[in-house]
Amino acid sequence: MLEESEARRRILEHTAPGVVIWVPLELALGQVLAQDIVGAVDSPVFDNSGMDGYALRAADAKKGALLRVGEIVQSAGEDLGLVCAAGEAIRIFTGAALPQGIDAVIMQEDVEREGDHIRVLDPVEPGENIRWRGSDACAGQILLRRGEIMSPTRIGLLASQGFPEVPVYGKPLVQVVTTGDELVEPGAPLLPGEIYNSNAPMLQTAVEKAGAVGSASHACDDPDEVRTVLAEALAVADIVVIAGGVSVGERDFVKDALTELGVVTEFWRVRVKPGKPFVFGRHPDGTLVFGLPGNPVSAYVTFSLFVIPAIRKMLGCEVGVNCVGLGELSGIAAEPMSNLGDRPHYLRGVCEGGRVRLSGTQQSHAIFGLSRANCLVRLGPGQEVLPGEMLSGYGM
Ligand code: AMP
Ligand code: MG
């Protein structure tokens, strides 16, 4: 059985960032920049007024001075190319280009309007209320670096530079395949012995939460159907995530089907709980294949530990063997916790105010407790934790 970090190393070894695509700014949120972005224009693009007020020479604006106001107003928009003579002022609004001859803008609150004159109530300094060209950033400067995540403010920055699109790594398409005769789609009636298919929507949305594109399909426990559904998934997806049917029971047809479809198993079983069964394989066309346990808790935890890092690497994120990409848990135990087994065990926890308690029963079918959890607590083999001791693990 592979150690957890070695399993991740092998997965990442076979995973490459996706192709670089240019997406409209509005669609770039959360995606990873594939190139450095160099400023196209200065910011601000031109010297302009930072206030609604009057453009003038600061030297003319002594307290109590009376200045004639020119007839033409300079608003934001077309630069009228106005010239301001000594002893005069020009009405100006925020964002407007500056008239020639001026060195300050006095706020309208600091003057009193008297017909076609203003009286200065509060003097200004040279440069006051002027936003100089390039004072924020300059053309030619690196504004964003490859690997940075597109946020609303970075999207706004690129728009301010005139870029309609941004180069990012394409999102992988992840096909979730659930298996099992007992599974029924939510909304349909349940017959005795049946349960609802919770893994399909849970994993599909987990894929989307991780930043990829998810879709789901289902196969009953029939070798032909499993093979057909997996063949379709392999044909369209960059990653196929199979939940259930990967164990060693007589009704577990996934591994044979994968072999028949040409998928090479890189490893199965990882020394982690839950993590047995877990399969990682590769199709010769490059599609990655993950087989997860069918139990919802096990499926979700193994998805988090092993599939999310692969998705993140494809999305262009920096990923290391010890970095799952979920955020590190830091908190102290609010109750005793122990792992009597010989594998690292990930327990579902609730971390509130730095104190971590367990979230319901820790059995692998317990989806209610899973749904209440906000962290995965990692206990090493044989580890016993007393209340107040530090815990490690991941966020969820
Ligand atoms: P398997 O890995 O197929 O042996 O399934 C292990 C357990 O997980 C069984 O109790 C299944 O009924 C359950 N299970 C498998 N797939 C799903 C699913 N998609 N949704 C909910 N439970 C499932
Ligand atoms: Mg099954």
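Let me start with how the elements are named: helices (H or I, at least four residues) and strands (E, at least two) are DSSP runs, numbered from the N terminus. Hi everyone, what you see above is a predicted model, where local features need pLDDT of at least 70, side-chain atom pairs count only at pLDDT 80 or more, and totals for chains, interfaces and linings use all residues. Residues are numbered from 1 along each chain as its sequence is written, chains are lettered from A and ligands numbered from 1 in the order in which they are written, and side-chain values use heavy atoms, with hydrogens and water left out.

With that in hand, look at the loop between β18 (264-268) and β19 (279-282), where Pro274 sits. The peptide bond from Lys273 to Pro274 is cis, with omega near -5 degrees.

Now to the ligand. Which residues are closest to ligand 1? They are Glu182, Asn197, Gly245, Gly294 and Asn295, out of 14 residues that surround ligand 1 (one heavy atom within 4 Å is enough to count as near). For polar contacts, we ask for a pair of N or O atoms within 3.5 Å. A polar side-chain atom of Glu182 is 2.6 Å from an oxygen atom of ligand 1. In the side chain of Asn197, an N or O atom lies 2.8 Å from a nitrogen atom of ligand 1. From Asn199, it is a polar backbone atom that is 3.4 Å from a nitrogen atom of ligand 1.

Finally, the helices. Helix α3 (residues 199-209) packs with helix α6 (residues 296-314) at an angle of about 25 degrees, their axes 11 Å apart; the axes are lines fitted to C-alpha atoms over the stretch in contact, and angles run from 0 to 180 degrees between N-to-C directions. So α3 is roughly parallel to α6, a term for angles under 35 degrees. The contact (heavy atoms within 4.5 Å) includes Asn199, Met202 and Leu203 of α3, and Tyr300 and Phe303 of α6.

How values were computed. Parallel < 35°, antiparallel > 145°, perpendicular 65-115°, else oblique. Polar contact = N/O pair within 3.5 Å; in protein donor to acceptor, adjacent residues only side chain to side chain.
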